[in-house]
Each structure stands twice: as C-alpha cells, then as structure tokens.
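Below are my notes on the model, as numbered points. Please read them alongside the coordinates.

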Amino acid sequence: MNAEQILFILFGAVSLIGAIAVISFRHPIYSALSLIVTFFAQAGLFVLLGAHFVAAVQVIVYAGAIMVLFLFVIMLLNLGTLSVQGAIGRKLKGLAIILGILFAAEGIYIAMNALNDTAVASAESTGATITTTTYDIGELLFSKYLLPFEVTSLILLAALIGVIVLVKREGQEEN
Amino acid sequence: MTIELIVVLLVAPLVGFLVNGLLGLSKNKGLKGNEQLSGWIGSLAVLVSLVCSIIAFASLHGGAAPFDETLYEWITGESFAFNIGFRVDALTSVMLLVITGVGFLIHVYSIGYMHGDEGYTRYFAYLNLFIFAMLILVLGNNYLMMFVGWEGVGLCSYLLIGFWYEKQTATDAGKKAFIVNRIGDFGFLLGMFTLFAAFGTLDFTSIFDAAEADNFQKVFGASTLVIATLLLFVGAIGKSAQIPLYVWLPDAMEGPTPVSALIHAATMVTAGVYMIARSAVLYNIAHTGEVVAWIGVLTAFFAATIALTQNDIKRILAYSTVSQLGYMFLGVGVGAYASGVFHLVTHAFFKGLMFLTAGSVMHAMANELDMRRMGGLKAKMPITHWTFLVGALAIAGFPFLSGFWSKDEILHSAWGSSPIIYAIGLVTAFLTAFYMFRLIFVTFYGESRVEPEVDSHLHESPPVMWVPLAILAIPSALIGLLLGWGGHESWFHHFTKSVFPEAHHEASGNVILFMVISSVVGLAGIAFAWSRYRERTPSEEPTNALHKLLVNKYYVDEVYNALIVQPIKNGSHYLLWRIVDNGIIDGIVNGIGSIIRFIGGTLRRLQTGLVQVYIVSMVLGIVLFLAYYLFFL
Amino acid sequence: MLQATITLQLYKGGIFIDRAIMPTTVKGKGFYMSLEYYLILSALLFTTGVIGVLIRRNAIIIFMCIELMLNAANLAFVAISRSLGEATGQVFVFFVMTVAAAEVAIGLAIIVSVFKHRQTVNVDEVNSLKG
Amino acid sequence: MENFPLVLIISSIVKILIVVHMLLIGVMIMIWSERRVSGWMQDRLGPNRVGPQGLLQPVADGLKFLFKEDLIPDHVDKPLYVLAPAMLLVPALITVAVVPFGSSITVLGHEIPLQIADINIGILYVLAITSLGVYGVVLGAWASNNKYSLLGGLRSSAQMISYELTLGLGIIGILMLTSSLSLREIATTQGAYPWQWNFLIHFPAFLAFTTAMFAETNRLPFDLAEAEQELVAGYHTEYSSMKFAMFFMAEYMNMIVGSAVTVTLFLGGWHFFGLENMGGPVWSGLISFGIFFLKTAIFLFVFIWVRWTLPRFRYDQLMNLGWKFLLPVALSSIVVTGILWITTHSRLIVGIGNVVAAFIVVSIVAGLLVMKTPKPAIQDSDNRLTPTALDAIE
C-alpha cells in the first residue's frame, strides 16, 4: 500500500458513496450536497492523477458555480420530497436497477480490457507519467484546440441568451 | 486561331444572357425597366462573337489549318470519354458568320421592334442564350456537344415561341414545337447511340477516320451506318421541319417576328442541314443520301403548294422556309453538300430579311398579318417595300441575285442524281416565285384595304429597324454573286472543299443551260403572279376542292389530331387515369397509408410521454449493443 | 513510503516555479494505481448516474445524475490522459465542463419555467408529449 | 522515510499551528479593534472596562458564547443546521494555506519558506475555496426554515456569485504579467518598491477586486444579507451560542485572509523598500513577516474604516454596481493589459492604459444607464424586493 493507493481508495470510496447518496436521498438538497462531496472527491482524484488545473477548475466550476445554482433553484422552488409514487415508476425500478448492474458489468469489462489496447498499453509501459500544468493545457487550448475553444465561448453565449429568454418576465403581463 | 478566341466567341452571348437574366430578376426598377440597356448589352455580346467569327474566318481563309482541340474531359467512364472540344473548319466558320452576322442584325432590329414590350429584358436574355446554344451546336467537335447545342436551341425556340405566354395560341405553339422536336431528338439520340456502339466514340474526326478506313466495312458492314445516318436524319427532320414533322414550324410564327427570322428561318432550322453536311462522310458511305433528297424535294413541293393559298404573311414565309429547307436537304441529299450549305447561307440572309420586313409591316399595321387587309403599302413604306422586293427576287431565283446561284446549283446537281427530282424541284421553283410575288402584289400594290384608324398612323419603321433591313438587303442580293460565281468552280466550293467528300453524281450538262431554264421558270412564276394578283384580292372562300385542300394545308394537322393526339388523350383518360392511376396507383398509395396508420395507431401506445420510459429503452439498447460488441464481435 | 505528489510539492514549494514534479520512476505494476482502477471507478460512477436517471422522478435530481455521468466521463479522460502522458484528455475535460455549465444553466431555466407553468418538477406529471 | 524529510513535517506542522493561531487571535484583535475604532470614529469610547483599554473584551465575549445554551429550534433541518457554520468557517481557514506571509527562514541549515504550501495553482485554489463560502450561508439560511433567513441567504448567495466573477477577472491582468499562478511567485515578481507593485499597474482591477472582496465578506456597505431593519439578522437569525460565534468568526477570518491575499496580489507582499532583505537569514524572514503583518493590519483598518463610513447599498444598486460597473472594468482591464503588454512591454503604459480604459468604460456605462432610466431610481416600498426573493415568497 503506497500513498497513491491509500488516497485512491479513500477518494474513490467517498465519491462512490456520495454518488449513491445522490440517488438515495429523498430530499433534493441532500442529494445536491452529496453530489458536492462526490465532486470534491473527484477533485482529489484529479490531483492524484497530476491534473492540478483540472482539479481546481472542477472545484470552481462544479462546486463553486453549478451546484450553487442547483441549490439556488431548489430553494427558489422550495421543493420538498415528492410524495406521490408514480405507477410506472415502481415497475421500472427493478428493471432499471438490473439494467444498471448489467451496464456496470460491461463498463468494468471494458475497463479491464482497456490495457489490451495497443496505444494505451505502449504508453503505459514507458511509464511516462507527468504532471500536466496549466501551461500545458493552455498551450494545447490556444493552439491545437483553438477552434473548439472558440466554439465553447459561443456555446456559453448561446446558453446565456437562452436562459435570459427562458426566464424573462413579461413585465407588462404582471402589471 | 487560338482557343482563347473561340472561348471569347462562345462566352460573350452567355455573358449577355447572364447579365440580362440578372437584370430581369433585379428588383431595381431603373435597371429592370431600362430597355436600351438590355438591348444594347445583348447586341454587343453578339457583336463580340461576330468579330471573333470574322477573325476565325479570316485566319482560315488565309490558309490556317482547321482548329480541332479538346478542352477537357467532360464525362469519363471505364471505357469511354466524352470531351468538351471545339472544331473550327470551313463549314463551321461559314455557319459562325451566318449565325453571328444575321444574329447581330436581328438583335439590333429587335431593339426597335420589341420597344415597349414588358418582357424586353427576358427577350434579350433568351435571344443571347439561343446564340450561345447555336454556337455550341456548330462549334462542338463531337456529336454529344452538337446534341447539347441541339437541345439548347430547342429549349430557346420553345421559350421564344411561347414568349407571349399570356396568349393561349403562343403557349400551344411552343408546346407543339417542343413535342414534335422531341420525336426528332429521339431519333438523333438513337443515331448517336448507334454511332457510339459502332465506334466507341462520338468525336467527328475519329468516327470519320474509322468509317473511311477499309476494315470498318468488313467488321460492321454498311448497315450500321445506314441505320445511324437514317436515325440522325430523323433528328434533322424534326429540327428542320421536313415531312412529316414540319407541322410545328408554321405555328412557331406565334413568337415575335425577329425570333421567326433568326431561329425559324435563318439559323436553328438549318441545324439539320448542318448536321448532315457535317456527317457527309457517313452519308456518302451509307448511300442514304437519296432518302434525304427525296424527303427534301417532296417537302419543298408540298410546302410550296400550301404557301400558294395562305393569306397570313408570316405563314407564307414559314411554309416558304419549310420549302427552302427541303431544297437544302435536296442539295445535301444528292451529294452536293457545298451547294446545300451555300443555299443555307443565302437563304439565311434573304429569308431573314423577308421576315424582318414582314415584322416591319406588322409593326406599322398594329400587328395585322392578313394581307387581304393590306394593299398599296408601297407608298407609305418605301424602304420596307424595296427591301422585301430584294428578298423576294432573291428567293424567286431572279438572275444574278443570291437565290438564283444557290438554287441553280442544287437543281443542277439534282439532275445528275435523278431527272424526276430535278423536275419536281423545277416546279417548286416556279411555285416559289409565284407565291412570293402574290404576296408582294397583294401587300404592296393595288388599292389600299387598310382599316382607316390603322391607316392614319401607318408609317415607315424607325431607323433602328430599317437600317438592319437595308444592311441585310445588300448581302441578300449580292452574296450569291460573290460566293457562287462559277458554279462548281466557285469560291465557296473552293473554300469548303476540304470539308466535304467528293459527290457520287458528278453534275453533268451545260451549266449555262440550267441557269437559263431556272431563270425562265422563276420569271414565269413572277409574271403569272403579276397577271393574277396585280389588281385582285385573294378570295375569301376557296372556290374548288383542290383550293380548299390547299387552304386547309392538306388537313395534316387534323389527321395528326385524329390519328395521334386523340387516341393518346383517350387512352390517357380512360386507361391511364381511370384504371391505372385511380385504381392501381391510388389503391397502392392509399393502402400503404392505411397500413401505416394502423401501425402508427398501434405503436402510439408506446409513446407514454414519460421520459424515463424512453430512457430505459435507450439504456436497454445501449446495454444490448455493448454486449453484442463486446462478446460477439 | 509516502510518495504523494502533494507532499513533494510542499517540500519543493520554495524553489520550483511553474512545473510540478511527479515521481517518474516506475518499478513495475502496482507502484501507482494503474489505469484500469480509475476506469472501473469511472464506470461505477457512470452507472450510478444512469440508475439515478432511471429511478428518480425529481427533474432536478435527474439533472444532477446527468452531471454525475459527465464527471465520470471526465475522470476517465483524465486517467487516460495521464496514462498516455499527454494533456489532450484534460483539454477535453475542460470542454466538457464548459458544456456542462451551459447545459446546467439552460436546464435549470427550463425546470424553473416548467415549474412556473405546472407547479411541479415531477417528470411523471410532465407528459404532454404522450401519443 | 528517506524521501520524506522530517524537517518538512515538523516545519509544516509548526507553520500550520502558528498560522491558525494567528488567525484566531487575529479575529479577537479584530473584534476589539472594530469596536474601539468605531467608538473613536463616532466620538465615543467603546469597550474599555475589561482589561487595559478593554483588550480582554473579546475573551469575555468568547466565554459568553461558549457558556450560552446551544439552542437548536424545532423547525430546523438539524443536520444542515449544524453543518452550516462549519461550512462557512472551514473555507476561511484553509484558504490561508497558500498565502505566503514572509520570505523564508533558515533553521539548522534548512531553508523554510514562510508559507504552508506553495502549490502551482495557488490563485486558483484561493478562488476555488472562496467560492465554497457561499454554501455555509445558503445552507444555514435554508436549514433555519425561516422566511427572513431564506431571504437573507438568497440575497447573500446571489451577491457572492455575482462578485466572485469580478474577483476572478480582476486578477487575470496580474497573471498575464507574472505568468504564474503561484502566490509566492506573484509576490516576489512585484519588486521591493511601492511603485513596482501591482496595485499601481492594475489600479482599476485593484479597486474592483477590493470592492468585490468587501462584498464577499458580506460587510457594510454590502451587508444586505443581514440587513437588520429588513431581515432581523439574515441567514443567522436562528443561530445562537457557539454556532453564531462560528459565523461571526468566519466573517472576520474572511476579512483577514482577504486582506492577506490582497496584500500578496496587489501590495507587494512582504516587500517594502528592501527592508525585508536586512539582517541574516533568520532576521530577514522575521522582518518580512512583520512587514506583511503590518500591511495586512493597515488593510484591515481600511475594512473597518469603510464599514463605519459608507451607508448600505440598496439591492438593485448592489447588483448594478457588480454587473454594470465592476465587471466591465475588470474585463476592460484584461483586454487593455493584454494588448498593451504584448505591444509595448511597459508596465507604465499598461498602468496608464488601464486607468484610461476604466474611465472610458465607466463613463459609457453611466451614460447608458442615464439614458435608459427615464426617471431616477427613487422608488419606494411598492417596488418588489428582488426577483429571486419574490419567487421564494411565492
């Protein structure tokens, strides 16, 4: 057991427990908090993987912005637990869980066999594990992936406009 | 001669078409309504082509080698290739001069003639497009390009006949022309296929070389060529309005008169003649010229008899055109290719001139065409009269005018082929002179029968119209003398000798004698017309059975209607519509609709509106797909 | 045998400037967590998200589960990025995050609008599209 | 163990202990000085009974908090109610881990930097942790199950999210010139003399950053979350005893950490006319620490000064200031800095350009606002509170 393994197990367990908590809690606020915990644990995993910048952005974007927005909406709509159980929901639950288990099994199968992939395997064997710095990411982002980067700014702009249109109050109507 | 010259020559009308077309689409009232602008753009485009044609002609005349170059491969397949390529030899250059020269004058004339018409810009766009298509037809160095131009001129002809599409008769005439032409084009296509099957190519040079080679006859036999040439001739029959497909040409007079002059007299209808002249080698080998000659001479006679009794100026000219085209086919049919083409050239000038003059009369008479309501126009319209007279004398074979030379050559050659053909041709020449001068005497001489209100503003046409007339009158009169002096030893024969093979039937007999005979026949026709119509109006009612037959154009249209149109209509109505369309096709379609409706109604239950049901099915799909991918592939 | 990167950086803190230093020596498998464990974790997280989407009826929680799936994908990206020794995977994570942020903004706005009209976020009750 | 030096562990533990205790003591000093300074400003005495000059007053306050009954109302959501104060306090505490509070000291041949951790994404770490502070407020407000608390919490979170943007954008200009995210790097590259410090080069960004920092700490003039007259005490209305004390401490801790970060980013860190280099390896470190301490203290004084000088903003004024003035100024600062730095490479020109650009931006925005509003925004009680708050009531 070395440090990375210990930390991996710790963070992995926390994130998995958090994830399960997200879908288990009845009240959305607790789900949101569990999700925050999962995100933090994932940030820890990112640090473990040498992706410091991604870890920081994970915290800033997910924990600092997205989840705040979730909480905000939950509070705004003052949502409680949903008391009425849907008729179809019950029938689906068993099927959904079975499907989920099958899906997980397939995912794990793929993960176990991922190293058979030659490209990944060869990189693995050289053991070239490096820490990716902000500088590296920035360099890629502004050279090779410049166009996608610009496109993301367009996506954000579109989202901005879309949100404003969606939730805009028609002042005249209210008065 | 360079490729650039030919490209400029070809592209200039296309540019004119595009510019005028865009002007027509333009929302800008100032640009769209500007008649002068589009008129002069159109004329200028053709003028550019004319200049290029003159340069090309001059260089050929100066002894330059014929131009034959492939620009690029157009359609390529495993075993074949069709090219965009151009060929400019003596025949092409003569055609180019006729097309662009007559075309340019008619463009200029149209500026005045079409003045005030709503579709002014559209008219010039079509006209330029026609010139472009016609140039492709004569410039192409293979049958496929010729066919492209062939179809292009057909399209423009259709568009221009139906130019005044508000008129039912005009659109009907356009459709008629289009459909009748399709029959001919079908033959042309089949001819092309036959040629391609036999030679594996459609290039003129390759086909002619291969056909002339000795072993060809052994491999394929002459029958292939017989079939091919006859099929091609079917195309020519359609395009050049020969029996039995001539019916569209008289109706085509519904279009604007300059169009009749340019397309349906001078250029497009001669495409068939050009095509046969171009394929002279094949016709010589296949010995199918006689069929061509017979069809030609019969058409010439037949059309001339109809023209005798008509009262509509343009119709007379139209039947005269059919008749003269028959002469051309007679010429190329008997192997006198140069003479046929020569007649094509002279005819282009004098028939163009006469149509334009008719247009001038129409213009002055407020679109009146019936010559029984004219008479005595000579005083009011002297220039029109004199120019028309020049054209009529030329067509009638008045000595030393252009028609005299070309027609005489053809008749002379026909004698060498068959005296019967010669005899029919001679009678036709007499009839030609007669009906032309009947037209002149009734229209320009005698008492004025013009309606008073029309008479009050009867006037000579504006300069932009009569200047082209005057210009056209000069070549109409003199071109025969210039090109044809000396009969078979003339300049024209000399110039085109490289293109055409030797004729089978060497013309025999005394040249001068033939000239005298045909002159006498022509003059007799004129005299007969003078005696009958100098003071008389053509009667309203036919007097005897023959006359009635002629007035009704041998009932050909009625026969076609009864034999072809009505059966098709009835068949369509009862068989195709009632049974096939209503019963079978609608039944299938409705049945499919019902089935789909039933399936949809059943499947509708699956769409619960519950998002999670959809997602479950999606995940199920993903799981199954992944499982298949992982474990079975 | 602590080899965690964090502590090493603490030690190097005073001197290094831009690039962190990771242990680059690998003594056989198991010295560091190999790729597959991260991928398995990623698969499990993703599956949890899928199950959440399938069994919860609260639109907001469904939405959170989608975020969870995106994050699981991010984890796989970063893990493979390290395994391949290049930063491209992390650039993609960056894009995923941007898209996720935009998606959350729009999605929550839609949920708020739906709530305004129908006073519910239960996806079972929002079924006007049924056939 | 050979890869993990003992010195590192010991020095780290010592540093952590010192810093945390300095923060806690700093909070006490701040409580005392806030009251004394406010007394001084309002021409009164302030606390002066407990200990000399009332210095022991914070201790007395603390004891009082500790011994009060820890009341948990019935209607609250218990787990979150308990968790909320901690979620506010912890980010405040751990932010300080990356702040360099001095150059370095050499002890027994080991050079020990005066900073708990210099991580290569230091400034991002600060931003990330700062953005977490909002959870304490939001959860506390929601868990209290109280209308006033909820309104306060919503206001507060909206405010913090809005100003976080300015906070983040304000420092990008600095990052461009430093080309590093490490706080130590940023501090060292600024140089020894005040005219080399970042606050002159990025003056508009500095103002925007400082304003945003004020808003982040929820202090006057931005204390709408706990506006007494409207919301009793905002999100901590239902809190008492030690839990309230934790909210209270978190606020002051945020102030101290924010000041320290500002000093690091904009005011040259521990540099002051080369004074920090005097003395030996030990003394220079201590002197630099002293300089840093003094600068932070002066900045904290400004915090108190502002609180007792400016009135509270109205909510729409707050949002206008944040979105329509500070954000454009911060954005213009980024653009101008980028362009001018690449073209001229002169800090002087960048500094002047920033000021000019900010002036232009503010003029344009002000002009647009004047044109857009037909009547000045003197609207009274019938004007709804805020869109979000209204929704919450509904």
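1. Between chain B and chain C, zero salt bridges are found, a salt bridge being a side-chain nitrogen of Lys or Arg within 4 Å of a carboxyl oxygen of Asp or Glu. Zero residue pairs in polar contact (both at pLDDT 80 or more) turn up across that interface; a polar contact is a pair of N or O atoms within 3.5 Å, where within protein one must be able to donate a hydrogen and the other to accept it, and residues adjacent in sequence count only if both atoms are side-chain atoms. The interface brings 10 residues of chain B into contact with 14 residues of chain C (heavy atoms within 4.5 Å). About 910 Å² is buried there, 61% of it from carbon and sulfur atoms; this is the accessible area (1.4 Å probe) that two parts lose on being put together, summed over both.

2. On provenance: this is a predicted model, in which local features need pLDDT of at least 70 and side-chain atom pairs count only at pLDDT 80 or more, while totals for chains, interfaces and linings use all residues. Residues are numbered from 1 along each chain as its sequence is written, chains are lettered from A in the order in which they are written, and side-chain values use heavy atoms, with hydrogens and water left out.

3. Over all chains the count is 13 salt bridges. Asp68(B) pairs with Arg87(B), the closest N and O atoms being 3.5 Å apart; Asp68(B) is in strand β1 and Arg87(B) in strand β2 (strands are DSSP E runs of at least two residues, helices H or I runs of at least four, numbered from the N terminus). Arg278(B) and Asp89(B) form another, at 2.8 Å from N to O, linking helix α13 to the loop between β2 and α4 across 189 residues. Both Arg278(B) and Asp89(B) are buried (under 20% relative accessible area; exposed is over 50%, partly exposed in between; 1.4 Å probe, protein chains only). Shared partners join Asp68(B), Arg87(B), Asp89(B) and Arg278(B) into one network.

4. Asp89(B) also places a side-chain oxygen within 3.3 Å of the backbone nitrogen of Leu91(B), at the start of α4(B). Of the 24 residues of α4(B), 23 are buried.

5. The largest nonpolar core has 186 residues, and Tyr143(B), Leu195(B), Ile276(B) and Phe437(B) have the most contacts inside it. A nonpolar core is a set of buried Ala, Val, Leu, Ile, Met, Phe, Trp, Tyr and Cys residues joined through side-chain atoms within 4.5 Å. Helix α17 of chain B gives the most to this core, 17 residues.
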